[in-house]
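Hi there,

Here is the structure I promised to pass along. Have a look first, and my notes follow below.

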Amino acid sequence: MLLEKTTRMNFLFDFYQALLTDKQRSYMELYYLDDNSLGEIAESYGVSRQAVYDNIRRTEAMLEEYEEKLCLLEKFQQRTQMLSQLTAGITEKTMTVEEQLALIEQLKEWD
């Protein structure tokens, strides 16, 4: 479960980091990407561990709100799944040309 949350937060961060403040971006990078502890981040910024924890939790909630409204991660996952289906259908010759073209058209509609 923790790995799933970390992976999800990393994806959300990739999609929405431009919408965060510099401090939010920095805390999230240090915590999720660099795997620093709350204490390490607090020490390097001269703030309390609780302040870092609160900032990260608020930022996580913001990222989830952005995803709820914009659905960039969901669309990415759908496209990735569809591309996998298309690739498998072509390489394994289990899809007709019509089915392949239908998937391609659906991909075009999402962009």
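Which residues in α1 meet which residues in α5? From α1 they are R8, F11, L12, F15 and Y16, and from α5 they are L72, L73 and F76, where contact means heavy atoms within 4.5 Å. By class, this contact has seven nonpolar, no polar and one charged residues (nonpolar: Ala, Val, Leu, Ile, Met, Phe, Trp, Tyr, Cys and Pro; charged: Asp, Glu, Lys and Arg; polar: the others, Gly among them).

Some background: this is a predicted model, in which local features need pLDDT of at least 70, side-chain atom pairs count only at pLDDT 80 or more, and totals for chains, interfaces and linings use all residues. Residues are numbered from 1 along each chain as its sequence is written, and side-chain values use heavy atoms, leaving out hydrogens and water.

Next, α6. Helix α6 covers residues 97-110 (helices are DSSP runs of H or I, at least four residues, numbered from the N terminus). Its buried residues are Q100, L103 and L107, and they pack against α5. Viewed down the axis of α6, the buried residues fall within an arc of 65 degrees, so they line one face of the helix (the arc is that of the directions from the helix axis to the C-beta atoms). On the other side, V97, E98, K108 and E109 are exposed. Buried means under 20% relative accessible area and exposed over 50%, with a 1.4 Å probe and protein chains only.

Finally, T59 sits in helix α4 (residues 49-70). T59 is buried, at a relative accessible area of 0%. Leaving aside neighbours within four places in sequence, T59 is in contact with L20, Q24 and M28.

Best wishes

Terms used. Helix = DSSP H or I, 4+ residues; strand = E, 2+ residues; numbered from the N terminus. Expected span 1.5 Å × (residues − 1).
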